[in-house]
Every structure is written in structure tokens, then in C-alpha cells.
Amino acid sequence: MTPPPSDAPPAAVELRGITKRFPGTLANDAVDLTVRRGEIHALMGENGAGKSTLMSVLYGMERPDAGSIRIDGREVSFADPGAAMAAGLGMVHQSFKLFDSLTVAENVVYAAEPRRFGLVDRSAARRRVRELAEVHGLAVDPDARVGELPVGLRQRVEILKLLHRGARTLILDEPTAVLTPAEADALFAVLKSLAAEGRTVILVTHKLREVLEGSDRVTVLRDGRVVARLRTAGTTADEIAAAMTGRAVELDRVHAPGTPADVVLGVRGLTTDAVREVELTVRAGEIVGIAGVAGNGQSELVEALAGLRPTAAGQVTLRGEDITHASATERRARGLAYVPEDRHAVGTAPAASVADNLAMGHHRTSLSSRGLLSAAAVRAHALGLVERFGIKAATPEVPASALSGGNLQKLLIGRELAHEAPLLLVEQPTRGVDIGAVQNIHDQLIAYRDAGHAVLLVSAELSEIRGLADRVLVMYEGRVTATYPKDEADERTLGLAMAGAAAPAEVGD
Ligand SMILES: Nc1ncnc2c1ncn2[C@@H]1O[C@H](COP(=O)(O)OP(=O)(O)OP(=O)(O)O)[C@@H](O)[C@H]1O
Ligand SMILES: [Mg+2]
């Protein structure tokens, strides 16, 4: 590496030869990354390629085994994130670290409060938030309670918090995974204006469209190494995808329609705290998709169907049996599998091994005899699913907490599909997984359907719903307001219905 000419400004971030090993895994292998001041730099790579690890090293959360870090030309060594913050770095984690019961202003200034006579100056704090919000186009009410804000606004609060602490370089690890398309667009507008002010953004994402529209340059990691450095204006989705995977990836594959048979799931007039009089059926050999802007009752509907949320009125049947008041466990026993939206809180046990996580819920199956799991069967079951879903783990014995985000998602999908349950409820099946794994999960869901199972799919990705679902329902304000067969479910029609424009006459199916 030749040093830059002396009149060029030093890079905002310069990583040289960063190596980081975990037991059984070389997560970063002599990684060089240069991020220029004022650019939006995308970091891409398959699940487990080492992106989050590299950002943790940069942010002082992990100590590298080798390598050096320069910030604005100065060599640094961070003992902890506090030291990284003092050097002008700020990181927004995928799971936000805010206090729900505090206001926006209190969160923004937390641990860095403006003071007057030794006391926290609350009005100065609110002024500061208004000021920052105005300067950076991050409108949010300083007096709102954070717990009551939608996720897109919470993310704004995280960004304001970093700006309040003087961050000149912002690191965002998969910031749009949990955002609606409109929230993601708003985020990119903010990031662009921050970059135009001379701040620097490092963005980890799996979404090619965002990278192509929103970044200046792209660095691609594969198996812990840099395999491509690209200028966004001079590259294509295919080129990035090929760099990530080392092969050509067929983006947006078209699937043949299903052949619906008997009704598996019947829902009549289902009402909960957040769902109103929902009517729907899902047949064997059919995928029914639920589209909607986040927060219109989709998750609550699925939770109610899974038995995790009380039903106020209505009836639910599974293969003709009434399960309206059955517990979650009883529903599973009668043939329901469930992939929840939150893979951390409800989906998996972080301290348990990958193999044990994959065996969960399989206690009454071939993995056990007389209620006891057989270690050899558990291991064989795990190895099969690791292979089928491409779960990257050093061994099936490592704890689930050692998996990268996308690999944990693959684990969850694999475990639930392995039940071969007549009904699968699946939310956000490809959240956080790389483009190759998206194709694999889609193929697996189609194969599951074609094996005669019923699938109810909730996704924030319209393209996913349109690609997979044989029928699409739209939810708006807790109700199913429209139903479309696959060939009528175009982007525009769905978009209008999601915004509440569907005629009431279209209700039902
Ligand atoms: N604490 C840990 N202990 C053991 N292995 C780990 C740990 N953290 C990460 N790894 C391993 O290091 C590799 C890189 O993981 P990392 O989280 O950096 O991937 P990533 O590129 O961010 O993937 P994703 O897109 O899925 O988030 C993976 O193989 C992962 O299993
Ligand atoms: Mg990651």
C-alpha cells in the first residue's frame, strides 16, 4: 500500500491487516478497508463473511488479533466503545439500545447531559434535540416517549444521540432490516445529507438496491477476506452478487404457482386487541401472503394464530379441528410450525448449542425414544439442516450466540421447516440473510408448499410476497381489507391497498 500524497486528506477510517479469530473460525483475515471522509461506504458479504466482526473491531467492542486502525490519519487502539466514541465514531446497533420509558430528549443526551449548576439542564437538552433535528433533517418530538415511537423514529433517536456526542463517522449494521420501505427511504435521505456535510457513513446491508442507490463505494467480504472494492457508479447488482458468492446468482427467480387442495387453516371473525374480524383460509399446497405496512396487525394476527396472544372473538380451525382456545404447545402438537419475527427473544436459545436449538420442539419425533433425545440423532439432524440451509457454524456444538445474524435466521427457518407440519406460519423469513440464502429459503418454502403443506407468510418485502404467495391479503388497521390472486397482486395495487385505499367491497376471500 503506497501512502497517499501528502496534500490528500487522510481517510476517515483506515483498517490495515485486521485479523480476528474465534474458536474454529477466522472471522477477519488481514482485512484492509479505507473509508474516505464524506462518503457512504457499503460493506457487503454473505452471512458469516465477517462484516459485524470487522465493525466490532473498529468500534472497540472486540480486540483484533492483528492489524492497525487509523482515524483521520492517526493510529488508534480502542479499549472500549467509549474510546471509539471519543475519536468521533458512532455505531447504531441492529437492536437499539434506548430507554423506552425516557423521552427522546432524555435518551439523546443520556450520559452526556448539558448541565447548569451541576444539574441536568432539561430545557437545554430539548433545545439541543430540536437544533440537531433541524440541522440534520431528523424531525422527531423531543418530548415523545421512545417506547411509543415507531421503529423508524427510534432509529432517528439513535442517530441523534451519536450526533450529540459529535460522531463524525457513523457505522450502521443492517439499519434497514426492520424498516418499512418508506422509513428506509427517509433514512437514506438523512445519510446522504450527513455525508454532504462531510460526515462519513459505513453501512452494512444485504439489500443490493440500497447499495446501488445509496452508496458511493462498496467493499465486499467473503470468508473474512476482502474480495472486491467497487465504485458504486461503475458496478451492477450482478457484479456485487457474484463477488459476494463467487458464482453467478440468479436474482428474482420466478416460481410456478401452487395447486391448492383442502383447507388447512380456517379463520372466522378473529378479533384480538390489535386484530379486527379477520377472515381467511389457507389450503394445503398454497402460500397465502399477508402484505401491509408494519404495525397494521400482521404480527398480532400471526401471534394469535400461534396461540401466543389471547383471542377475544372468532374461531380458528386447523385441519377441521377447533383450536380457538388451544395453547401454543397444543397447536404445535396438532400440526402447526411457527417462525417468529424476533429470532432472538422468542425464536432461539442463545446459550444452547446449534444442534440443541435445531432439536427444539422435536422431542416427540424421531429424535427421541421414550421422550429422551438421542445425542447421535440430534447431531445427525443438525448436520442435515446445516447442509440444507447453508448454516455457517464451526461445529453443531457451538452456542447459537456464536452464529452471525443471518445464520441464526437460517437456523430458525430450518428447524421449523423440519417439522413438516401441515401448517407453517412464517414471519419475515429472509430478514438479515444474504442474497444467495434468500434464494435458497424461497426455494425451500416453495418445495414445502409443493409437498402439500399450507403456508401463511408475513413479510415486509413486497417482492418476497409477490414472488412466493399464490394469494395476497392486505392488512390495514387490524383488518384484512383486500385479497388478490397472484397475477393481480402488482406493486401498485398492493401499495394502494396498504395505504388504506382498498374498497371495503373487496373484503374477505
Ligand atoms: N462470539 C463469537 N464466537 C464465535 N464465533 C463467532 C463469534 N462472533 C462471530 N463469530 C463467527 O465469525 C464469523 C463472522 O461473523 P459475523 O457476525 O462477523 O458475520 P456477518 O458478515 O456480520 O454475517 P451476517 O450477514 O449474517 O450478519 C461467523 O462464522 C461467526 O459464526
Ligand atoms: Mg452481521
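This is a predicted model: local features need pLDDT of at least 70, side-chain atom pairs count only at pLDDT 80 or more; totals for chains, interfaces and linings use all residues.

Author: Residues are numbered from 1 along each chain as its sequence is written, chains are lettered from A and ligands numbered from 1 in the order written, and side-chain values use heavy atoms, without hydrogens and water.

Reader: Which residues touch the most other members in the largest nonpolar core?

Author: Leu358, Leu424, Tyr484 and Leu494 do, out of 49 residues in that core. A nonpolar core is a set of buried Ala, Val, Leu, Ile, Met, Phe, Trp, Tyr and Cys residues joined through side-chain atoms within 4.5 Å. Buried means under 20% relative accessible area, exposed over 50%, and partly exposed in between (1.4 Å probe, protein chains only).

Reader: And where does this core lie?

Author: Domain 2 (251-335 + 421-509) and domain 3 (347-418) both give residues to the core, so it lies between them. The domain bounds come from an automatic or database domain assignment.

Reader: OK, new topic. What's the phi of Gln428?

Author: Gln428 has a positive phi of about 45 degrees, although it is not a glycine. You'll find Gln428 in the loop between β21 (423-427) and α15 (435-450). Helices (H or I, at least four residues) and strands (E, at least two) are DSSP runs, numbered from the N terminus.

Reader: Is Gln428 buried or exposed?

Author: Gln428 is buried, with a relative accessible area of 10%. Phe117 also isn't a glycine and has a positive phi, of about 50 degrees, but Phe117 counts as exposed because its relative accessibility is 75%.

Reader: What about domain 1 and domain 2, how much area is buried between them?

Author: About 950 Å², with carbon and sulfur atoms giving 61%. Buried area is the accessible area (1.4 Å probe) that two parts lose on being put together, summed over both. On the domain 1 side, Asn47, Thr180 and His206 supply 36% of the area buried against domain 2, more than any other three residues.

Reader: How many salt bridges are there between those two?

Author: The count is one salt bridge, a side-chain nitrogen of Lys or Arg within 4 Å of a carboxyl oxygen of Asp or Glu.
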